[in-house]
Amino acid sequence: MKRSKTNFAILGLIMVFSIPVLWNIGLRLITSSSQLYFYPCLGLIFYLCGLILGWIGIIIIIFLSHSLILAAGAASLAFGINRIMAGAYYYSSFSFNDPISSHYISHYVSAGYVFICIGGILIILALLFFIRDKE
C-alpha cells in the first residue's frame, strides 16, 4: 500500500474509533443531569459529532484507501466497543435483583463482544490479504 493510502486509512480508523468515545460522553451528559438544559444539549452535540466523524472516517477508508473490508471491520469494532461501554455504564443504574433488566444488559454487552470478534477478524483479513504493498 502506498504511504498516502496508509495515512488515509489510519486517519479514517482514528475517526471511526472516535464514535464510542464521543457517544458515551454524550450519553453521560444527557443522562447525568436532567435539571439543567445545557447538559442534554451538549450531550446531543457530542453524540452528533461522533456520528459525523464516524461516517467521514468510513468514507475516507472506503474511497481514499480503497478497503471496504477494513471499513466494515473498523465500524464493527467501534460498534462493539460502544455497546460494551454503554452496557457497563448502565450496569450501575440497574439492580441485579431485577432479572429482566440484568438479562437484557448481559445480552447487550455479549453482543458487543460478538461485534468486537467480527471486527477484529475483518481487520486482520484486511491487513493480511487486501492491504499489500504493490511495487
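1. Pocket lining. Helix α3 contributes the most to the lining of the second largest pocket, with five residues. The model is a predicted one: local features need pLDDT of at least 70, side-chain atom pairs count only at pLDDT 80 or more, and totals for chains, interfaces and linings use all residues. Residues are numbered from 1 along each chain as its sequence is written, and side-chain values use heavy atoms, with hydrogens and water left out.

2. Which residues line the second largest pocket? They are I19, W23, G50, L51, G54, W55, I58, A75, A78 and F79. Two or more residues of this lining come from each of α2 (18–32), α3 and α4 (68–91). A pocket here is an open set of points on a 1 Å grid over the protein atoms alone, where a 1.4 Å probe fits, with protein on both sides within 12 Å along at least five of seven lines; lining residues have an atom within 4 Å of a point.

3. The lining has eight nonpolar, two polar and no charged residues. For these classes, Ala, Val, Leu, Ile, Met, Phe, Trp, Tyr, Cys and Pro count as nonpolar, Asp, Glu, Lys and Arg as charged, and the others, Gly among them, as polar.

4. Surface patch. A nonpolar patch on the surface is formed by I30, L44, Y47, L48, L51, I52, W55 and I56. Together they have about 720 Å² of accessible area. Areas come from the Shrake-Rupley method with a 1.4 Å probe; for residues, only the protein chains shown count as cover. Patch members have over 30% relative accessible area and no salt bridge, and nonpolar side chains (Val, Leu, Ile, Met, Phe, Trp, Tyr) are joined within 5 Å. A salt bridge is a side-chain nitrogen of Lys or Arg within 4 Å of a carboxyl oxygen of Asp or Glu. Helix α3 (residues 38–64) gives the most to the patch, with seven residues.

5. L51. This residue sits in helix α3. Why does L51 count as partly exposed? Because its relative accessibility is 32%; buried means under 20%, exposed over 50%, and partly exposed in between (1.4 Å probe, protein chains only).

6. Fold. The protein has five helices and zero strands. From the N terminus on, the elements run α-α-α-α-α. Helices (H or I, at least four residues) and strands (E, at least two) are DSSP runs, numbered from the N terminus. Of the 135 residues, 35% count as buried.

7. L22 lies in helix α2. L22 counts as buried because its relative accessibility is 15%. Its C-alpha is 5.1 Å from that of G50, 28 residues away in sequence. F46, in helix α3, is partly exposed at 25% relative accessibility. F46 and L27 are 8.6 Å apart, C-alpha to C-alpha, and 19 residues apart in sequence.

8. Two further pairs. K5 is in helix α1 (residues 3–16) and is partly exposed, at 29%. The C-alpha atoms of K5 and I61 are separated by 8.7 Å, with the two residues 56 apart along the chain. Y108 belongs to helix α5 (residues 99–130). Its relative accessible area is 22%, so Y108 is partly exposed. Y108 and G87 lie 6.6 Å apart, C-alpha to C-alpha, and 21 residues apart in sequence.

Definitions and conventions: Patches are made of residues with over 30% relative accessible area and no salt bridge: like charges are joined within 9 Å, nonpolar side chains (Val, Leu, Ile, Met, Phe, Trp, Tyr) within 5 Å.
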